[in-house]
Amino acid sequence: MAKDKKLVEAITSMEEDFAQWYTDVVKKAELIDYSSVRGCMILRPNGYAIWENIQKELDRRFKETGVENVYMPMFIPESLLQKEKDHVEGFAPEVAWVTHGGLEPLQERLCVRPTSETLFCDLYSNIVQSYRDLPKLYNQWCSVVRWEKTTRPFLRSMEFLWQEGHTVHATADEAEERTIQMLNVYADFCEQVLAIPMIKGRKTDKEKFAGAHSTYTIEALMHDGKALQSGTSHNFGDGFAQAFGIQYTDKENKLQYAHQTSWGMSTRIIGAVIMVHGDDSGLVLPPRIAPTQVMIIPIAQHKEGVLEKAAELSSKLGAYRVKVDDSDKSPGWKFSEQEMRGIPLRIEIGPKDIEANQAVIVRRDTREKIIVSLDEIQVRVGEILETMQLEMLERARKHRDEHTSAATNFTAFADKITSEPGFVKAMWCGDRACEDEIKEKTGATSRCMPFEQEHIADTCVCCGKPAKSMVYWGKAY
Ligand SMILES: [Zn+2]
């Protein structure tokens with residue numbers, strides 16, 4: 001038992017120190033390990049399998065909308081990166097450069113892609129000539145590099161995995177429609193698969209992507225009341241097309257600039273899964289994303305017939321992602337391990353259960369114990385997984401709503417931001433100066449101007465001038 005306790009005691013409690021709890025979970029659940037490269041993490045099998053499931057689900061949803069996958073080079077020549085002024089300014093501080101090839105200095109530096117807009121634009125300028133070539137709906141799964149000063153597993157690392165979609169369209173309307181469509185794909189995926197409710201909205205000019213005409217975002221609230229930007233979708237208008245000369249001849253044979261979008265989601269979203277659902281025993285994974293959904297733990301497995309019955313049960317549950325822990329660790333240790341890794345259900349089966357033709361199912365999120373007849377177990381496991389998935393979403397939504405407040409004046413705003421971690425809804429005049437002042441005085445940033453606008457007051461929470469929109473504010477990761 002002493003050993004069992006050690007695994008659990010090794011994590012700091014969330015209330016005591018949330019940041020340390022997070023670090024403990026990613027390490028103890030064996031999602032990642034640190035590498036010898038500063039700021040770069042190693043995704044271990046438990047972590048990478050979550051990413052693979054995210055990929056599978058997202059990729060299917062992208063393809064349903066007509067998107068095709070491609071692969072671009074990881075290097076970008078400096079001259080290409082320089083073509084769009086805002087874009088290069090936005091990314092310059094965090095770009096890694098290749099200056100030598102072997103022992104020879106390069107004629108032109110190559111940057112390691114921080115994002116691939118410029119490469120896609122270069123391609124599109126070559127392959128788009130006529131309206132018949134449009135639209136092009138491309139996506140790539142790859143890693144990108146950003147030279148971050150401070151890093152944290154999943155949330156901010158120098159190299160991370162993501163997907164970046166890049167589309168090119170004939171008209172501004174089509175590009176706008178695609179930008180919103182992909183934002184909706186992200187939001188639906190997060191809610192239905194990751195059980196994380198999202199606020200959908202538009203970023204302010206200050207927070208938008210470098211070179212974008214407009215940036216849309218999905219924002220989630222973590223357990224500690226901080227916000228996490230979880231996916232973004234950008235409409236570039238024809239800005240990049242003008243810089244890169246992406247033109248096509250329309251039906252009237254007139255030359256037109258194309259309109260573009262880009263959209264991305266990264267391994268950062270795994271950080272959100274951890275911080276929205278986890279508890280003091282470790283990770284809690286929503287069933288639809290969990291690499292292992294059910295862990296069968298034999299009790300008194302040395303007794304005759306127990307391991308055989310566990311194996312039989314495992315094959316009976318073949319429709320789910322099931323494993324049997326038949327290692328020689330104690331059941332208590334196995335329970336702690338299954339809990340730490342966030343496996344949604346464990347099934348305990350021992351000699352007494354076998355005799356009674358039953359097994360004990362324990363839910364990871366509520367720890368509810370459910371005794372189920374072995375005759376019905378296939379159906380019951382499916383039902384319990386489904387209930388757990390839905391309840392996790394509802395719990396996350398309730399937590400978010402309980403940590404969302406509204407403020408109509410600056411004193412109340414500043415007070416809420418400091419004393420009640422969460423989203424604060426407040427009106428804004430549209431001036432950058434107010435956004436800057438709010439950040440400087442309270443540490444909160446504008447998360448988004450939600451699509452579902454509410455009228456909270458007539459005036460800006462900061463300057464008192466007439467308000468233009470309602471904004472979600474919060475401290476963010
Ligand atoms: Zn203002």
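The model you are looking at is predicted. In it, three strands make up an open sheet in the order E4-E6-E5, and helix H15 spans residues 432-442. Leu134 and Pro135 are joined by a cis peptide bond, while Glu30 has a positive phi.

**The three-stranded sheet**

- Strands of a sheet pair through backbone hydrogen bonds, either parallel or antiparallel.
- Here the pairing is antiparallel, and the strand order is E4-E6-E5.
- Strand E4 (75-77) and strand E5 (96-101) are the edge strands, each pairing on one side only.
- From one strand to the next, the twist averages 45 degrees.
- Three bridges link E4 with strand E6 (residues 104-112) in the antiparallel sense.

**A nonpolar patch on the surface**

- Which residues form a nonpolar patch on the surface? They are Tyr71, Met74 and Phe75, with about 310 Å² of accessible area together.
- Phe75 also has its place in strand E4.
- Phe75 counts as partly exposed because its relative accessibility is 37%, and partly exposed covers the range between under 20% (buried) and over 50% (exposed).

- An α-helix has 3.6 residues a turn, so residues three or four places apart point the same way.
- In helix H15, the buried residues are Cys434, Glu435, Ile438 and Thr442.

- Most residues other than glycine have a negative phi, and most peptide bonds are trans.
- The bond between Leu134 and Pro135 is cis, with omega about -5 degrees.
- You can find Pro135 in the loop between helix H6 (117-127) and strand E7 (136-145).
- Glu30 is not a glycine, yet its phi is positive, at about 55 degrees.
- Glu30 sits in the loop between helix H2 (18-28) and strand E1 (32-34), and its 29% relative accessibility is why Glu30 counts as partly exposed.
- Ala195 has a positive phi too, near 60 degrees.
- The loop between helix H7 (172-192) and strand E9 (199-202) holds Ala195.
- Is Ala195 buried or exposed? Ala195 counts as buried because its relative accessibility is 0%.

Terms used
Residues numbered from 1 in each chain as written. Predicted model: local features only at pLDDT ≥ 70, side-chain atom pairs only at ≥ 80, totals over all residues. Heavy atoms only, no water. Pairing = 2+ DSSP bridges. Helix = DSSP H or I, 4+ residues; strand = E, 2+ residues; numbered from the N terminus. Axes fitted to C-alpha atoms, helices over the stretch in contact; angles between N-to-C directions. Patch = residues over 30% accessible without salt bridge, like charges linked within 9 Å, V, L, I, M, F, W, Y side chains within 5 Å. Areas by Shrake-Rupley, 256 points an atom, 1.4 Å probe, with all protein chains shown as cover. Salt bridge = Lys/Arg side-chain N within 4 Å of Asp/Glu carboxyl O. Buried < 20%, exposed > 50% of the residue type's maximum accessible area, 1.4 Å probe, protein only.
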